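Thanks for coming. I will take a few minutes to walk through one structure, which is on the screen now.

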Amino acid sequence: MNALRLAARHSKSYPKIIGKPATGSRFYSTTSRLCPSCSSPLTTALPTCTKCYHIQPLPRDTSYYDIFDLSKTQNAFKIDTKDLRQRFLQAQRICHPDAWSVRGEKERLVAEEQSSLLNEAYKTLLSPVTRAQYILTQEGYPPSETDKLTDPELLMEIMEAREQLEEAETPPMVDEIRSGNIERLKEVYAEIEELIERKEWKQASDAVVKLKYLEGIESAAKAKLETLL
């Protein structure tokens, strides 16, 4: 197996970005937590009130972090995904289009837009790869389809793992490959977290490329297990 075949299996999906890349950290814009119509406290960061049934579009430069009202002090890469899901479900209940359809066509369309944006934001922040890509894009380092793995040692490990998965004949053989790959994933997660903490964006961008290849092995291993079980 050569590097071209490996690259062909490499995911090329990138997160959709709202607004323009920033020159500084801009994950947490200031949004009012009072309804702009009746001044009642809002239960989420969405400009959507269940008391007076006011709903309005989010500004296009609203960050995905601000949508879920995530902490302003934590490392942007470090997210509690269980907490993220709870915030997502709470926000979706409030802006679900079906709940607003009886309020009028305009309100339903705004709710659809909010719901779609919530889904995109949740999907992006849930995955470590797309979360890191989103952070880097906001800092002026967007991912590119030409990004390549430059670590020859890791590239060899990836190629060998691919070949081992193709030759694996039992679930324990696949589990052994996964075990080693999961340890490497943990190392790269920690590396990216530290680089983002230090705002070393170029190095973080390189680390994300490594992460994509390693997650590709994890996906391939899961697919292989399905064929053996």
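Arg 33 is partly exposed, at a relative accessible area of 30%; partly exposed is the class between buried, under 20%, and exposed, over 50%, using a 1.4 Å probe and protein chains only. Asp 69 falls in that class too, with 33% relative accessibility. The side chains of Arg 33 and Asp 69 meet in a salt bridge, 2.5 Å from N to O. By salt bridge I mean a side-chain nitrogen of Lys or Arg within 4 Å of a carboxyl oxygen of Asp or Glu. This pair links distant parts of the chain, 36 residues apart: Arg 33 sits in the loop between α1 (3–8) and α2, and Asp 69 in the loop between α2 and α3. Helices here are DSSP runs of H or I with at least four residues, and strands are runs of E with at least two, numbered from the N terminus.

A word on the source. This is a predicted model, where local features need pLDDT of at least 70 and side-chain atom pairs count only at pLDDT 80 or more, while totals for chains, interfaces and linings use all residues. Residues are numbered from 1 along each chain as its sequence is written, and side-chain values use heavy atoms, leaving out hydrogens and water.

The pLDDT, the predictor's confidence in each residue from 0 to 100, averages 85 for the protein, and 85% of the residues score at least 70. Over residues 1–30 it stays under 50.

Back to the salt bridges; the structure holds 13. Arg 108 pairs with Glu 112, with the closest N and O atoms 2.3 Å apart. These two are 4 residues apart in helix α5, so about one helical turn separates them. Glu 112 is partly exposed at 35%. Another pair is Glu 194 and Arg 198, at 2.4 Å between the closest N and O atoms. Glu 194 is partly exposed at 46%, and Arg 198 likewise at 41%. Shared partners also join Glu 105, Arg 108 and Glu 112 into one salt-bridge network.

Now the inside. What does the largest nonpolar core contain? It has 48 residues, and among those touching the most other members are Tyr 65, Phe 68 and Leu 118. A nonpolar core is a set of buried Ala, Val, Leu, Ile, Met, Phe, Trp, Tyr and Cys residues joined through side-chain atoms within 4.5 Å. The largest share, 11 residues, comes from α9. Domain 1 (48–126) and domain 2 (152–228) both contribute residues, so the core lies between them; the domain bounds come from an automatic or database assignment.

Note on methods: Contact means heavy atoms within 4.5 Å.
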